[in-house]
Structure formats: C-alpha cells, structure tokens
Amino acid sequence: MKYALLIFSSEDGPQLSDAEVAEMYAGHEKFGRELGALGKIHGGAELQSSATATVVRVRSGETITTDGPFMETKEQLGGFYLIEADDLDEAMQWAAKIPATATTSIEIRPIVDHSSGD
C-alpha cells in the first residue's frame, strides 16, 4: 500500500546553523537512498515556503485565487515522501526515520488506490 508521509513544521521555528541544515539535508538524502534501495519510494519533494502558495477555488462558476497560505496555522506542509509499505506499522517506522522528526510533525496518509476498488 502507498502512503504519503507529510512533513509539517513551523516556518517561524528555531533557525538552524549552516552545519545543521547541511546535516539535515544529508540525512534526507540518506533516507531517500535507503527507501530507493528497497524499491519503496515513489516520490517526494521539499516545498517552498507557504508564502509562495496560491490557493484556487471556484465558487458559483467564478475562479478565485488567494496568494499565500489560506489557513492560519502554526505548522505548514514543508515536504513529503510517497512510499510503499506493507501496512501502517511499517509506514510509521519509516516516518520515525525522517531526519526532521526531532523538530517537525509527520502525518501519515494512506493513498487511495482506485484500481483495486478502495
């Protein structure tokens, strides 16, 4: 089954030193290679700041766009991994290995597979 591991963090959180940022990115690369070696990764990306977001809604046939984050929350979606796991327990094990878990929250969401009738 496929799962999205959604990485949420506070954009106003503690500032990391250059060395800490480099270590975190190296950890993400290692994590991605580990998943890749097992054929368990199906995608993923770091997202730009929520300030760069554009929200699109259609109401009564009119397209309405809003710049910046639509919702006021303390944590924003900063990136994601799309993985293959046997079950939620395995997905949780992978989520716990994401380097940013010490300062972020990881939300695990199963992917709907329409081909199997789910």
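Helices (H or I, at least four residues) and strands (E, at least two) are taken as DSSP runs, numbered from the N terminus. The model is a predicted one, so local features need pLDDT of at least 70 and side-chain atom pairs count only at pLDDT 80 or more, while totals for chains, interfaces and linings use all residues. Residues are numbered from 1 along each chain as its sequence is written, and side-chain values use heavy atoms, with hydrogens and water left out.

Four strands form an open sheet in the order 2-5-1-6, with antiparallel pairing; two strands pair if DSSP finds at least two bridges between them. Strand 2 (41-46) and strand 6 (105-110) sit at the edges, each pairing on one side only. Strand 1 (residues 2-9) and strand 5 (residues 76-84) are joined over eight bridges, and Leu6 stands opposite Phe80 in strand 5.

Next comes helix 1. His28, Phe31, Gly32 and Leu35 are buried there, buried meaning under 20% relative accessible area, exposed over 50% and partly exposed in between (1.4 Å probe, protein chains only). The face turned away from this buried side carries exposed residues, among them Glu23, Lys30 and Arg33. Cover for the buried residues of helix 1 includes strand 1, strand 2, strand 5 and helix 2, where contact means heavy atoms within 4.5 Å. Gly39, with a positive phi near 70 degrees, follows helix 1.

Glu90 lies in helix 2 (residues 88-96) and is buried, at a relative accessible area of 12%. Leaving aside neighbours within four places in sequence, Glu90 is in contact with Lys40, Glu84 and Ala85.
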